[in-house]
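Trainee: I have a structure open and would like to go through it piece by piece. Can we start with the strands and work from there?
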Amino acid sequence: MMSLTKFAILALAACLLFPANSVYGHGLGIDTISSVNVAGKNISISVEMPMYFENEQEQITITATETKTGDPAKNVTFLIGLFHSNEMIFRNYFFTENGVLPIKIASQPELDDFVINGEQDSLLGAYHGTESSPIEIVGPIFDSGGLYTFEIEVRTIDEPTNIIENSGVHRADLSIIETSSHPQKDAEGNDVEFRLKSYFDQISNFEYDPVAKQVTFEMPFDWSESHMSHVSVVHEEVHFPKDFVEFLAPSYSGYANGIELFKSSVSVDDYTEDHERIVHFVLLQDHLRFLKNEMRKSDEPLPDNIVFTLSTSDKPAFPLEAYTKSEDFKVNLSWDPANLEPGVDTNFVFTIRDGRTNDPLRNSDYTFVIIQSGEEIHRVSGTAQVGGEFEKYTFAEDQTGPTIIKFENIRNTGQETEFGMVVAPEFGTIVMLILGISLVGVVALSRKYTTFSIHGV
């Protein structure tokens, strides 16, 4: 399975802070349904599956546990319906003698239909397997990303013939991470490749507006309380090239359905990918409830989606932060003055921290590097005696454009991290263009009057 980014791990950690009786899932690989009453007995049902189906064979595991004793439930027959994009994939009976139901999945998109391999009992026709020969589903199943819903009923428990009627339908939601590409045009009509990684559901209507310098996209979302109780986190990633100056800002503002998000919900990540900046949307359940309450203030009905908007912000949200790839260290970075311009003395102020505790690390060695167009323009080594330090640099007049501030060999470990930013000319490109046009007009006007003067002699 592909490794998760730091932000996906943080989202998972945040979900684990929820009470034990909460239902959680959505992009985290597991969803647990608590306090299911079956014939007077309380059990919990968990569904676990990979977040990527990239191997020839993966596994789904459904587990029923008695709440009172913590022991696996015995002789459980599940009626399981699987749904994706509002379509039913299958609805079948499955039996487990020991409360643990493993189902092997061989996702083969090239097939027209799928088959379930396994023995079937004579009572309900429930599929069952053995340790050496588990149930297997082969075919075009889990061949696309997004949200998958398991609707589960318990039909037998304790004894294989103890059929339960009307035990209720219980819902578990899990996500397969989807990565999609979205070619767009910049302000000059050049091609720009955006990518989007969704840890929740499928994305549509992705658009980059070069005039407003903002990205918009949408995702289906059910704002009903029964559904939101399952949702602990919504996590989306916007990827774009680090050398795309037009959208490379010190910070960003995020919106969901037109409502501005908390600063903590939008995070810049320059360390996970070498050539891409990633901007993360991370909405926890409390954030989603806040959005729902804000939308209720209008007379409009609640929508059936979330429209995300990501806009550049001219003012940096200091301090910026970046982790090393090992996540052992984190660096906070600010600079003064906030506008990076050539010919101006700039102080880069930073703190080297423990990536797990966030504590400043005393006596931290580092190498501070500035890179433009793939070439080093400045390198200096030092020691942050109290964890915090600063380096001073003045950019030359020709040192403008995309810039990387890199911290190498942190605490002599060989670990590093970096920040992306832009050094702009003093007046900025647009102002310089206006000045250029004005000067051309002045020269033309001057020539006009000079000509008239000559003719008038």
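Trainee: In what order do the 5 strands of the open sheet come?
Mentor: The order is β15-β16-β22-β18-β19, and the pairing is antiparallel. Keep in mind that this is a predicted model, where local features need pLDDT of at least 70 and side-chain atom pairs count only at pLDDT 80 or more, while totals for chains, interfaces and linings use all residues. Residues are numbered from 1 along each chain as its sequence is written, and side-chain values use heavy atoms, with hydrogens and water left out.

Trainee: What counts as a strand, and what counts as pairing?
Mentor: Strands are DSSP runs of E with at least two residues, helices are runs of H or I with at least four, and both are numbered from the N terminus. Two strands pair if DSSP finds at least two bridges between them.

Trainee: Which are the edge strands?
Mentor: β15 (204-209) and β19 (259-260), each of which pairs on one side only.

Trainee: And how many bridges join β18 and β22?
Mentor: Strand β18 (residues 251-256) and strand β22 (residues 305-313) pair over 6 bridges, in the antiparallel sense. Opposite A256 you find F308 in β22.

Trainee: Changing topic to helix α3. Which of its residues are buried?
Mentor: Q285, H287, L288, L291, K292 and M295. Buried means under 20% relative accessible area, exposed means over 50%, and partly exposed is in between, with a 1.4 Å probe and protein chains only.

Trainee: Where do the buried residues fall, seen down the axis of α3?
Mentor: They fall within an arc of 160°, so they line one face of the helix. The arc is taken from the directions from the helix axis to the C-beta atoms. D286 and R296, on the other side of α3, are exposed.

Trainee: What do the buried residues of α3 pack against?
Mentor: α2 (225-228), β17 (233-241), β18, β19, β21 (276-284) and β22. Contact here means heavy atoms within 4.5 Å.

Trainee: How many salt bridges are there?
Mentor: The count comes to 19, where a salt bridge is a side-chain nitrogen of Lys or Arg within 4 Å of a carboxyl oxygen of Asp or Glu. One of them joins D158 and K41, at 2.9 Å from N to O.

Trainee: Which parts does that pair tie together?
Mentor: D158 is in the loop between β11 (146-156) and β12 (170-176) and K41 is in strand β2 (residues 41-48), so the pair ties together parts that are 117 residues apart in sequence. D158 counts as partly exposed at 31% relative accessibility, and K41 also counts as partly exposed, at 23%.

Trainee: What does K325 form a salt bridge with?
Mentor: D274, with the closest N and O atoms 3.3 Å apart. K325 lies in the loop between β23 (320-323) and β24 (329-336), and D274 lies in the loop between β20 (266-269) and β21, 51 residues apart. K325 is exposed, with a relative accessible area of 54%.

Trainee: Then K406 and E408: buried or exposed?
Mentor: K406 is buried at 15% relative accessible area, and E408 is buried at 16%. The two form a salt bridge with their closest N and O atoms 3.9 Å apart.

Trainee: Moving to the nonpolar side, how many residues does the largest nonpolar core have?
Mentor: It has 37, and those with the most contacts inside it are M49, F78, I80, F94, F142 and F150. A nonpolar core is a set of buried Ala, Val, Leu, Ile, Met, Phe, Trp, Tyr and Cys residues joined through side-chain atoms within 4.5 Å. A second, separate core of 36 residues includes F194, F217, W223 and Y252.

Trainee: How many residues of strand β4 are buried?
Mentor: 8 of the 9 residues of β4 (residues 76-84) are buried, so the strand is largely enclosed by the rest of the structure. β4 pairs in the antiparallel sense with strand β5 (residues 87-96) over 9 bridges, and with β11 over 8 bridges. F78 stands opposite F94 in β5, whereas F83 stands opposite T149 in β11.

Trainee: Last one. Where is Y393 found?
Mentor: In strand β28 (residues 388-394). Y393 counts as buried at 11% relative accessibility. The C-alpha atoms of Y393 and T346 are separated by 5.4 Å, although these residues are 47 apart along the chain.
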